Amino acid sequence: MLAGGRHSTVEASNPGRGGTGRGLSGSDEGHRELKRTRYVSGRVTAPDAELNAISCAVRLPVKQANCQHIMVFTDSMGSAHRAVDPGVHSGQAFSLSVCRALQEWFEADDLRRITFVYVPSTLRWDIHGEAHKYVTKLKVRAGRLLDSWSSTFQDPTYRGSEFLELQQPDGRPLQPSYLNGGPWLSTFGHSITEFARVCWCITGHAPIGAYYRRFKINEPHGCTCGAALQSRQHILLRCRDRYSVHYPRFLGDIASFMKYNPTAFGFNRDPSGVG
Ligand SMILES: [Zn+2]
C-alpha cells in the first residue's frame with residue numbers, strides 16, 4: 001500500500017495465510033514520495049486486511065498540514081465502501097477509525113475531499129504497481145498454526161476448566177484442528193440445534209443444575225430423576241431419565257447420546273416437565 005499527502009495507494013498480499021504484508025507510502029503534488037511503510041497484520045481475512053490497509057492509507061495523509069485532497073488507489077472497491085461505512089460488519093473497528101479521522105479532517109475545511117480510485121492490481125499501474133512490488137517483497141513465515149493451537153489448548157484457562165476431554169479413535173486426546181472442518185464440526189455440523197447442545201455439553205455451559213449452581217443462577221440444581229445435583233457426569237452416565245450406554249470417550253459416543261436424548265443439555269425441558 002502507498003499512501004500520502006495527495007495520493008494513497010493500497011495493496012494487500014497473501015491475506016489470510018498467517019501473514020499479510022503491506023506497504024504504505026505517499027507522494028505530494030510533485031509526486032514526491034512522503035512515506036513508505038509495510039507491516040504484517042497477522043491472521044486476518046482478506047477483506048479485513050484491505051480495510052486495515054485503507055484505514056492506514058487515510059489516517060496518514062489527514063495528518064499532513066497541506067493535504068486538501070486524498071486519493072486512494074485500491075483494487076478492492078468493496079473494501080473502499082466498507083471503509084467509510086460505520087455500520088456493523090467484519091472489520092468495523094477499521095471503518096470507525098477511518099470515519100473518525102475523516103470527520104475531523106472534513107470539519108476543518110469545506111473544500112477537503114477524498115476520492116477512491118479502482119486500479120486492478122494486474123495492471124501494475126505506476127505507483128500502485130510499485131506498491132505491489134514493495135509489499136510482495138516482504139515474505140512472512142506463516143507459522144505453525146496448528147502447533148500453537150494445540151499447545152494453547154493444553155492450558156485449562158484457555159480451553160475452559162470444564163472442557164470435556166475426549167479421545168481420538170487411536171486413544172490419543174482429541175486436539176483442535178481446522179483440517180476437514182475440524183473434529184467437532186465435522187461430526188456435528190449437520191444440525192445447528194444439536195451442535196449448540198454439543199457445544200454447551202463439551203464446554204460445560206449447558207443449562208443444567210451444576211451450571212446454575214456454579215453461576216449462582218436461581219434455577220433448581222437437582223435432576224428430573226430426583227438426584228440432588230444435575231451434573232454433566234450425572235446426565236451422561238447415571239441419570240435414570242436418560243438412555244446412555246457408557247461414559248463418552250469419543251465424539252461418536254456424544255453423537256449417539258444426543259441422538260437418543262434429543263432434549264439433553266438443551267434449553268427445552270423434558271416433555272414430562274412441561275405442563
Ligand atoms: Zn438425573
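**Group meeting: a walk through the predicted model**

Arg 124 sits in the loop between β6 (113–118) and α4 (126–136); helices here are DSSP runs of H or I with at least four residues, strands are runs of E with at least two, and both are numbered from the N terminus. Before I go on, this is a predicted model: local features need pLDDT of at least 70, side-chain atom pairs count only at pLDDT 80 or more, and totals for chains, interfaces and linings use all residues. Residues are numbered from 1 along each chain as its sequence is written.

Arg 124 is not a glycine, yet it has a positive phi of about 50°. Most residues other than glycine have a negative phi. Arg 124 counts as partly exposed because it has 13 C-beta neighbours inside 10 Å. The cut-offs are these: a residue is buried with 20 or more other C-beta atoms within 10 Å of its own, exposed with 12 or fewer, and partly exposed in between, with C-beta atoms placed from the backbone.

Asp 126 is in helix α4. Its phi is positive too, near 35°, and Asp 126 is partly exposed, with 14 other C-beta atoms within 10 Å.

Next, helix α1. It covers residues 46–59, 14 residues in total, and reaches 20 Å from its first C-alpha to its last, close to the 20 Å expected at 1.5 Å a residue. The expected span is 1.5 Å times one less than the number of residues. Is α1 mostly covered or mostly open? Mostly covered: eleven of the 14 residues are buried. Among them are Asp 48, Glu 50 and Asn 52, as well as Leu 51, Ile 54 and Val 58.

That leads to the cores. A nonpolar core is a set of buried Ala, Val, Leu, Ile, Met, Phe, Trp, Tyr and Cys residues joined through C-beta atoms within 7 Å. The largest has 21 residues, and those with the most contacts inside it are Ile 54, Ala 57, Val 58, Val 72 and Ala 83. At least two residues of this core come from each of α1, β5 (69–74), α2 (77–83), α3 (92–108) and α4. The largest share, seven residues, is from α1. Apart from this core lies another, of 16 residues, which includes Val 198, Tyr 211, Ile 254 and Met 258.

Met 258 is worth a slide. It lies in helix α11 (residues 251–260) and is buried, with 21 other C-beta atoms within 10 Å. Not counting residues up to four places away in sequence, Met 258 touches Glu 194, Arg 197, Val 198 and Ala 264; contact means C-beta atoms, placed from the backbone, within 7 Å. Phe 195 is 63 residues from Met 258 in sequence, and their C-alpha atoms are 9.6 Å apart.

His 221 is in the loop between α9 (209–214) and α10 (232–238). It is partly exposed, with 17 other C-beta atoms within 10 Å. Leaving aside neighbours within four places in sequence, the contacts of His 221 are Gly 209, Tyr 212, Arg 213, Leu 229 and Gln 230.

Finally, confidence. pLDDT is the predictor's confidence in each residue, from 0 to 100. The chain has a mean of 80, and 81% of its residues reach 70 or more. Confidence is highest in α9, at 95, and lowest in strand β3 (residues 21–27), at a mean of 40. Over residues 270–275 pLDDT stays under 50, and the model has six contacts there beyond four places in sequence. Where pLDDT is low, the predicted coordinates should not be read in detail.

Notes
Two residues are in contact if their C-beta atoms, placed from the backbone, lie within 7 Å.
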